[in-house]
Amino acid sequence: MPENTPAARVSVLGLGLMGSALASAFLKAGHEVTVWNRSASKTGPLVAQGAKPAGTATEAVEASPLVILCLLTNDNVGELLATLPESLAGRTVVNLTNGTPAQARALSEQVTERGARYVDGGIMAVPQMIAGPHAYVFYSGDEEAYKEHEATLAALGGTRWTGTDPGFAALHDLGLLTGMYGMIIGVVQALALVRTENIRAEEFSGPLVEWIQAMLGIVPGIAQAIDSGEHLTDVSSLAVNQSAFPNFLETFAAQGVSSELFEPFQALLDRSIAEGHAADGLSRLAEMLKAEK
Ligand code: FVH
């Protein structure tokens, strides 16, 4: 525990892979931890580390001013919260379950209506990384409650405040994961392509990583163009990208690799050009993706 951080009472509800890692991190930081899980068998290893088992979710909530939830889905969270309206009052609920901004906002209402404070969190780590140097959590919601418990929450990793809109932590979480999935789409397509000629994926991963790292340098420029609305480019126009794109789709077909992940990109390029944006850079595509809310 960092110096000057007093031991806190924390309850962790939901002891799957992630919830167990969270509870364990609080214990290692010297906090007094109460644990509950729907299937009681999962409390065993944490009790062995010093956690107190709660017989019911209500008992777990009543044990601590800070209540951490980490269930599979936010629907599960809503259902669980609905079973404990009385015991929530006066506590801070920090929900670290993965979900959508709309779900976080709805849960915030559900919790505050019962006299408790709500903070939502998006964990940027896998269970094995919790409490390590690269783990951090986005938080949003009740700022006073967050500040009151930030030192305790720091046992899990870095703390990044995103604002008082309870949906913002989920938005940041999903934003980063969207970038990650975009990269994974490119990586699996590239490796599937070179494997058709028996080039080893491991061998190709070297230049692939090097190239992706070099290309990451264009991200700030794309972001700047999106913020300013100035999409004209002298680097790589949509017209240039559109003219090269059939080479990819033709090669995928010729090599027997599905192009199902890439066809939507071709369609988006075509639509951008048809709407008069041929001279713009790739940042224009963010505008093209906007749909009416
Ligand atoms: N694991 C990971 O890498 C990711 C990293 C980023 C954040 N996610 C999110 O964390 C949430 C929990 O994930 P998890 O890895 O702990 O998941 P499981 O090991 O499958 O544990 C699920 C727990 O949820 C409990 N549960 C499920 N349904 C209910 C319900 N209706 N009522 C009460 N509890 C429920 C389940 O209980 P049990 O099956 O053991 O009885 C587990 O405790 C998740 O949002 C990830 O997206 C993890």
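The legends below describe close-up views of a predicted model.

Residues are numbered from 1 along each chain as its sequence is written. Because the model is predicted, local features need pLDDT of at least 70 and side-chain atom pairs count only at pLDDT 80 or more, while totals for chains, interfaces and linings use all residues.

**View A. The two assigned domains.** Domain 1 spans 9–164 and domain 2 spans 196–288, with bounds that come from an automatic or database domain assignment. Taken over C-alpha atoms, their centres are 40 Å apart.

**View B. The annotated region.** An unreviewed UniProt entry annotates residues 10–158 as "domain: 6-phosphogluconate dehydrogenase NADP-binding"; such annotations may be inferred rather than shown by experiment.

**View C. The shell around the ligand.** Around the ligand are 21 residues, of which Gly16, Met18, Arg38, Ser39 and Asn98 come nearest (a residue is near if its C-beta atom, placed from the backbone, lies within 6 Å). Helices α1 (17–28) and α4 (74–82) each contribute at least two residues to this shell.

**View D. Helices α11 and α12.** The axes of α11 (residues 238–255) and α12 (residues 263–274) come within 10 Å and cross at roughly 150 degrees (lines fitted to C-alpha atoms over the stretch in contact, with angles from 0 to 180 degrees between N-to-C directions). The two helices are therefore roughly antiparallel, a term for angles over 145 degrees.

Notes: Helices (H or I, at least four residues) and strands (E, at least two) are DSSP runs, numbered from the N terminus. Angles under 35 degrees count as roughly parallel, over 145 as roughly antiparallel, 65 to 115 as roughly perpendicular and the rest as oblique.
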